[in-house]
Amino acid sequence: MTGRSILFPEGGHASSSAVALYNRMPPVVQNLLITAKGIFLARKRYSHSYRTYLDALMRSQWLTAAEFSELQSTLLRGLLAEAVASTAYYARTLSRWRPRIETMALEELSELPIVEPKQLRMQIHEFINADRVRRYGADEGHTSGTSGAPMVWPYDWDSMRRNLAFRERQYRWAGLTGLETSIRFSGRVILGDNPGPPYWRQNVAERQWFFSVYHMSQEALPRYYEQLIRIGPAYLDGYPSALFRLARWINTHGLSGRWRAWAVITTAETLGKAQRVEIERAFGCRVYDYYSSSEGAPYITQCSAGGKHVNPESGIVEILRDDGSPADPGEIGHMVVTSFYQRTLPLIRYKIGDMARWATDTPCPCGRSMPLIEQVEGREQDCLYTDEAGWVGSAGLSTALYVLPGRIETAQIEDMGHARFRVTYVPLGALLSAQEVEVLASALRARLGPSATIEVVSVSEPVHSARGKVRLVIPAGRGSGGPVAGR
């Protein structure tokens, strides 16, 4: 749902017949279909109360910490009252808290039970607030299914407008409105049955281009760059891995900064420091990274000073240790989220499966009193665990690649179990020498523990997920299925 978009969804809620029809069409007709879809969705998403929600957020961003606390208390009580009254799950599990809801303090939130992903998946219909669907109408929301089976639920249009108001505030922080010409790199399958170029499609009505992330071979990247220059968008938006791949090609061909964007917006994957450096160098502008989720987790958005702020108006984020106690600043932990704006599928203390750490340096120079996150480490599957090092997130692991600047295009680390790890890498130029392999392995052992066993293997292409993402970490039991080895 990033940007003022959209064509056919990444997870797929368009009918199979509609998708089949789209797939058979030539590119020019596909552009017309995408544009028609964009017009329909824009009318639904940016009408009615949308402007009211955005105006309120532009004012509330400057509240003091005490004012944010008071606002969150009010929003939490309203969420709890509605969830208990309108959903079977919360009516049952929170029944004994019903008399206290009108006076509940933020500090009492930790007394409520945590909702596990399996519970939500198995009992999804008990979480849905059908009253809001009847009142506001609904589209369909869905997760990507990284745990093996995606969830699907109705997503009412009022909740969607609140969601997109937070999205536009992030654009405003980046000096944008979201109405400017943009290029989006995401996991949508946009080419259909057309195997070759052009590798992009256009939503004319919203001045938005979609570039395929599934065709970014070294041979095709010059075409991507040439089309980017022709379009001249105000900003780029999408997966860090795809933007990084194009940025690396630009930088290695001496084209850094020849064309400059106003901003680059990244989401959906963990943004590594090396990726940020390459992207900012290539496009001559700042990268703004933000976090949200299909389920409706609170927004974490990046300001011009670089701070990653939890948006208090969107919900509450807890970061907990394995034993359920609060993690200290700088300590990685499990994210437990409570969402204020996604009312069709209320999330109250939902263990969303992502890992994060609170910032140690506060307050932010931007002057906002919003809580600061140092890093969202990504899905639990994007983190590795060893007895010697504990949890290590993908953002920290990515820094190991710094030891070989200009030698690795992309790399992935597969957890083989029992502190054994297999690193597959796409080389820039010649394969890594034996000495370089040992340098990389040593850097990873410094992060994963001295006893970790590291195997390093070259491949011609990284492993993509079903939605086109390239994840640094491949969890145990989810091997690549045999990446293309050697060059």
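Reader: What percentage of the 487 residues of the protein count as buried?
Author: Keep in mind that this is a predicted model. Buried here means under 20% relative accessible area. By that cut-off, the share of the 487 residues that count as buried is 56%.

Reader: And how much accessible surface does the protein have, and what part of it belongs to carbon and sulfur atoms?
Author: The accessible surface comes to about 19,800 Å². The part that belongs to carbon and sulfur atoms is 54%.

Reader: What share of the contacts comes from residues 24 or more positions apart?
Author: The count takes in contacts with a separation of 6 or more. Among those, residues 24 or more positions apart account for 69%.

Reader: Which strands sit at the edges of the six-stranded sheet?
Author: Six strands make up this open sheet, with mixed pairing and the order E4-E5-E3-E6-E7-E8. An edge strand here pairs on one side only, and that picks out strand E4 (200-203) and strand E8 (287-289).

Reader: Inside that sheet, which residue of E6 is the bridge partner of Ile183?
Author: Strand E3 covers residues 182-186 and strand E6 covers residues 235-238. The two run parallel and are joined by four bridges. Looking across from Ile183 into E6, the bridge partner is Leu236.

Reader: Which strands does helix H9 touch?
Author: Helix H9 (residues 157-173) packs on the sheet, and its direction makes about 155 degrees with that of E8. The strands it touches are E6, strand E7 (263-266) and E8.

Reader: At what angle to E8 does helix H12 run?
Author: Helix H12 is made of residues 273-283 and lies across E6, E7 and E8. Relative to E8, helix H12 runs at about 140 degrees.

Reader: Now the four-stranded sheet: which are its edge strands?
Author: This sheet is open too, with mixed pairing and the order E19-E18-E17-E20. The strands that pair on one side only are strand E19 (453-458) and strand E20 (473-474).

Reader: Which residue in E19 is the bridge partner of Arg422?
Author: Strand E18 spans residues 420-427 and pairs with E19 in the parallel sense over six bridges. For Arg422, the bridge partner in E19 is Glu455.

Reader: Last one: which helix lies across strand E17, E18 and E19?
Author: Strand E17 covers 408-417. The helix lying across E17, E18 and E19 takes in residues 434-448 and runs at about 140 degrees to E19. That makes it helix H14.

Methods
Residues are numbered from 1 along each chain as its sequence is written. This is a predicted model: local features need pLDDT of at least 70, side-chain atom pairs count only at pLDDT 80 or more; totals for chains, interfaces and linings use all residues. Side-chain values use heavy atoms; hydrogens and water are left out. Buried means under 20% relative accessible area, exposed over 50%, partly exposed in between (1.4 Å probe, protein chains only). Contact means heavy atoms within 4.5 Å. Accessible areas come from the Shrake-Rupley method with a 1.4 Å probe; for residues, only the protein chains shown count as cover. Two strands pair if DSSP finds at least two bridges between them. Axes are lines fitted to C-alpha atoms, for helices over the stretch in contact, and angles run from 0 to 180 degrees between N-to-C directions.
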